[in-house]
Amino acid sequence: MERGTFSKYSWTDFVFSVIGVCTFLADWGSDVWVATEFYCRGDFFWFGVLVGLMVLSSVVVQMFSWFWFKYDRELPGFSAQTGAKSVLFGDRVKLSCLLHVLQLGFLFRHISAIRQGFRVWWRKEEGSEYAVYLIHDLSMLRLIETFCESAPQLTLMIYVILRTNKARTVQFVSIAASTTSIAWMVVDYHRCLRAFLVDKAKQGWGSSLIYFLWNLLLIAPRVAALALFSSVLPGFIAAHFLMLWFVFLLWAWQQRTNFMDSVGGEWLYRSTVGLIWYFSWFNVAEGRTRGRSLIYHSFMTIDGAILLVTWWCYRDLVQTDAYVLPLLISLPLTYLLGLLFKTLYYCCFHPKLWRPLGREPGLPSDLPDAEVSFRDFSIQDSTPSSTLVNKRMACHANNFYTDQRVL
């Protein structure tokens with residue numbers, strides 16, 4: 001590890017925090033609007049599914065938030081470095097617990113981050129590292145919320161349009177809000193990961209754009225394929241999800257993830273990873289992940305092909321005649337283009353942060369020659385440090401930037 005001063009809170013961090021809470025509120029508002037439309041039209045089944053997704057997503061996010069709140073209070077020196085201000089309203093544990101039970105913990109994390117950021121950026125007060133700490137947690141929570149709610153909701157909206165063969169304004173608004181939420185999550189999450197790299201200036205806008213594009217081009221056809229399959233065999237999509245989710249859960253367990261600080265929290269994390277993998281690749285373990293990535297994308301390519309073939313066999317010939325051929329051509333090509341952009345990213349646009357480092361005394365002799373340099377986050381290990389860095393996000397940064405040649 002290369003020790004150094006952690007990145008300071010800037011006006012761009014404040015802007016990203018404000019946009020993040022606006023995106024969250026807009027997405028939540030569109031969900032309520034769509035649910036109200038379904039209920040008023042008498043579509044109680046779709047109303048129930050949408051509300052169920054909203055509740056499930058909220059519960060999962062609140063659980064992660066509460067686990068992290070408890071973990072942070074137990075960190076050596078955490079309260080001292082944050083001025084006795086923990087994540088929500090100081091050390092008022094009962095109030096924080098009540099907020100999470102009322103499903104308001106995530107929202108008040110946003111408010112805490114904006115408040116702390118305003119004090120640091122505008123008023124020039126102390127607490128820059130704590131403000132950065134807060135926005136890193138929010139980035140991970142937004143990632144979880146996106147794949148627990150926005151991605152499934154996007155699938156549901158496309159499914160409804162396909163089943164009814166018509167679209168209302170509210171459905172287009174919901175699709176746009178969900179897509180925007182997913183896109184913003186990708187940019188924000190990647191940006192937060194880079195904060196743990198010593199030389200993050202080498203990551204340019206072009207690199208971020210390519211990273212955004214390959215994620216979008218891989219997620220979009222996946223969501224479309226699931227919606228198409230659901231439109232012809234709606235009773236089997238739940239079985240399809242549960243089967244793949246269980247396989248992904250076992251795979252996450254096999255990789256021996258170590259993200260949370262408790263056994264229950266770790267199984268919650270693995271379960272959530274299984275849900276994320278249902279839509280998109282997400283690296284959860286250290287090491288060269290080329291093999292795991294190839295296995296995942298090969299599996300998803302085969303699964304996507306099965307979904308498309310099933311839809312083609314069971315589709316309504318008259319209703320789908322206008323768009324069947326464009327979909328059968330564009331969806332596989334879009335997924336292939338996403339894989340090409342991903343390969344291009346790692347070959348040409350990945351941060352050039354790999355350099356041989358001298359081995360510190362006591363380190364194993366079988367370490368790889370090229371190690372990425374990360375900032376110190378020793379406060380989470382055992383002893384207090386002058387640097388307050390988010391161990392959870394540092395863990396994912398370590399996984400993401402393990403090797404320049406991974407896919």
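Tutor: Let's start with Gln103, which lies in the loop between helix 4 (93-101) and helix 5. Helices here are DSSP runs of H or I with at least four residues, numbered from the N terminus. This is a predicted model, where local features need pLDDT of at least 70, side-chain atom pairs count only at pLDDT 80 or more, and totals for chains, interfaces and linings use all residues. Residues are numbered from 1 along each chain as its sequence is written, and side-chain values use heavy atoms, leaving out hydrogens and water.

Student: OK, what's the phi of Gln103?

Tutor: Gln103 has a positive phi of about 65 degrees, although it is not a glycine.

Student: And is Gln103 buried, exposed or partly exposed?

Tutor: Gln103 has 30% relative accessibility, so it counts as partly exposed. Buried means under 20% relative accessible area, exposed means over 50%, and partly exposed is in between (1.4 Å probe, protein chains only).

Student: Where is Arg256, and what about its phi?

Tutor: Arg256 sits in the loop between helix 9 (237-254) and helix 10 (263-277). Its phi is near 55 degrees, a positive value in a residue other than glycine. Arg256 counts as exposed because its relative accessibility is 72%.

Student: Switching to packing: at what angle do helix 2 and helix 5 pack?

Tutor: Helix 2 (residues 44-73) and helix 5 (residues 105-121) pack at about 55 degrees, with their axes 9 Å apart. The axes are lines fitted to C-alpha atoms, for helices over the stretch in contact, and angles run from 0 to 180 degrees between N-to-C directions. The two helices are therefore oblique to each other. Under 35 degrees would be roughly parallel, over 145 roughly antiparallel, 65 to 115 roughly perpendicular, and the rest is oblique.

Student: Which residues meet there?

Tutor: From helix 2, Val61, Gln62, Ser65, Trp68 and Phe69 meet Gly105, Phe106 and Arg109 of helix 5. Contact means heavy atoms within 4.5 Å.

Student: Where does Asn215 go, and is it buried or exposed?

Tutor: Asn215 is in helix 8 (residues 205-232). With a relative accessible area of 7%, Asn215 is buried. Leaving aside neighbours within four places in sequence, Asn215 is in contact with Val186 and Ser280.

Student: Last one: what does Met140 touch?

Tutor: Not counting residues up to four places away in sequence, Met140 touches Trp68, Tyr189, Phe259, Tyr269, Phe282, Met393 and His396.
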